[in-house]
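Hi everyone, thanks for making time for this one. I have a structure to walk you through, so let me put it up and we can go through it together.

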Amino acid sequence: MTTIAVPSAPVNRVSAATLARHVKIGKPASQPADVEGRTGVTYRELARRIRDALLDGRLAAHTRLPSERALADALHLSRTTVAAAYALLRDDGWLVSRRGSGSVLRPAPGSAPDDLSPLSPLSWGATAEDALINLTTASLPAPAEQIQSAVNAAAADLSAYFREDGYEPLGIRSLRERIARRYTDSGLPTTAEEILVTNGGQHAWTIVLAELSGPGDRVLFDCPTYPLALEAARSSRRIPVPVGVRPSARQPWDLDLMTAAMIQSTPRLAYLIPDFHNPTGAVMDAATRADLVTAASRTATVLVVDETLRDVAFDPAQPMPPHLASFDRARRVVTIGSMSKSFWGGLRIGWLRANRSVVGRLAAVRSLQDMAGSVLDQLVADRLLADEAPALTVQRARLQAGCDALLAALDAELPHWRPTRPAGGASLWVELPGPYATDLAALAPSVGVAIVPGPRFGPDGTMESFLRLPFTASPDALRAAVQRLSSIDSRAAAARPALPQRWMT
């Protein structure tokens, strides 16, 4: 397979204060200033922390670091310590410095996988007969009883459309009204004219890309991110601008970094997953949502909000933050919804919520692609949404059981792995004790498991110490998968290259 060529990535700057937060060096101790730094932090340790922030996605490749003096002041270190750390990063290829242009981070040669080509759909949808436990997709089986009931009712409804031509570029009226009512009931007033029905959430995203951006435009992503959304941007020659999400932080989205990326890169679009973020499961708080809308308005960046996982909280009684579009008085936010994650991937129904003029533009693009969606599928979706609680109860219970089983198995078999512990969504984001995710994924089929390594969830080959593990398979399959992965963990870890001696303290 070949890697899709995209234009060069933009260079973003990180402030000294923001970088200081990400390398997690505390306030100064009363020690003399020397090459080891006044906090007792050595230059090797500082270099390692900066490198690790790049590798785990907290800092994006092509980020320009602050000056040595500014970082030394922010970290309460000697300038000599910071200069030595930058020199070590340069020597091993992690940093490029040019007079007058500053120092820019990059993955060192050999630190990232050579093949970052798109994920192949040929591995999707492994059947029960397959020996392989397929953990490459985060999709549930159908709630069969509820889907069958909706299909039967929709078949009876279909005859009312026989007198028409069957082409509804915006989607059938009853479904658009149903979706609009769901938004209104959850605190976001919406009309049917603000809804465009699509063939799933991915179709919705490709329509937005085609109409609201052009080749060479920059698109901001919270990273890690949904890999097919990223590949859609790259294949259409948009330039990804990644900003790291830190699921272990009190607020996973770093507002300073996102605001700086918007100001410096002026992205046309920003693709965000604020509700049970794929793959980390994080949920953005209300204050950050409001501040992001304000930041985007300053740079005329259109926020495209993927809410396809919003309905799959394990506890539906637990209140969710308001829709991100609730903070958008200028009505520039575009929201993507879908039936795929919460009901069934085989029901190809998604939608876009936007202001009426934008919906009209997007509908015109959609009509050129596939003219309109299936009336029967839309009627099935309409019936499901009319009484959604039974199907959602089944799916939420499956996800909760899968999450519990996967976490218990990891705690028992691989206690040195560090998974997230989400309250909803469909996957865990697992931190490995070292950068060997690609090696582990390459070995996994030999023990009957398919997994996706962390670098697939970003545009620049970082996040080598992470895996996404969906919990949509059965608990028995998940437990078996973890046992199999534990049998190859040490072998995969041993395959990673050792740090050069000069990095050792």
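Let me start with a term: pLDDT is the predictor's confidence in each residue, from 0 to 100. We need it here, since this is a predicted model, in which local features need pLDDT of at least 70 and side-chain atom pairs count only at pLDDT 80 or more, while totals for chains, interfaces and linings use all residues. Residues are numbered from 1 along each chain as its sequence is written, and side-chain values use heavy atoms, with hydrogens and water left out.

So, how confident is the predictor? The mean pLDDT of the protein chain is 86, and 88% of its residues reach 70 or more. Confidence is lowest in strand E1 (residues 12-13), with a mean of 77, and highest in strand E9 (residues 269-272), at 98. Over residues 26-39 the pLDDT stays under 50, and the model has 35 contacts for them beyond four places in sequence; a contact means heavy atoms within 4.5 Å. Residues 114-129 are also below 50, with 32 contacts beyond near neighbours in sequence. Where pLDDT is low, the predicted coordinates should not be read in detail.

Now the overall picture. The protein chain has 15 helices and 17 strands; these are DSSP runs numbered from the N terminus, helices being H or I with at least four residues and strands being E with at least two. Of the 505 residues, 54% are buried, meaning under 20% relative accessible area with a 1.4 Å probe, protein chains only. Among contacts between residues at least 6 apart in sequence, 74% join residues at least 24 apart.

Let's zoom in on helix H12, residues 375-386. Its 12 residues reach 16 Å from the first C-alpha to the last, close to the 16 Å expected at 1.5 Å a residue, where the expected span is 1.5 Å times one less than the number of residues. Ser-374 caps the N-terminal end of H12, placing a side-chain oxygen 3.4 Å from the backbone nitrogen of Leu-376. And what covers the buried residues of H12? The cover includes helix H5 (144-158), helix H6 (173-185) and strand E6 (195-198). Among the residues tucked under it are Val-375, Leu-379, Asp-382 and Leu-385.

A quick stop at helix H2, residues 43-55, where Leu-46 sits. Leu-46 is buried, with a relative accessible area of 0%. Between Leu-46 and Val-23 there are 7.4 Å in space, C-alpha to C-alpha, and 23 residues in sequence.

On to the strands, which count as paired if DSSP finds at least two bridges between them. Four strands form an open sheet of mixed pairing, in the order E1-E2-E4-E3. E1 and strand E3 (95-98) are the edges, each pairing on one side only. Strand E2 (residues 63-65) runs antiparallel to strand E4 (residues 102-105), over 2 bridges, and Leu-65 has Ser-103 in E4 as its bridge partner.

Last one: why is strand E14 (residues 427-431) called largely enclosed by the rest of the structure? Because 4 of its 5 residues are buried. E14 pairs antiparallel with strand E13 (residues 418-419) over 2 bridges, Arg-418 partnering Glu-431.

Key
Buried means under 20% relative accessible area, exposed over 50%, partly exposed in between (1.4 Å probe, protein chains only). A polar contact is a pair of N or O atoms within 3.5 Å; within protein, one must be able to donate a hydrogen and the other to accept it, and residues adjacent in sequence count only if both atoms are side-chain atoms.
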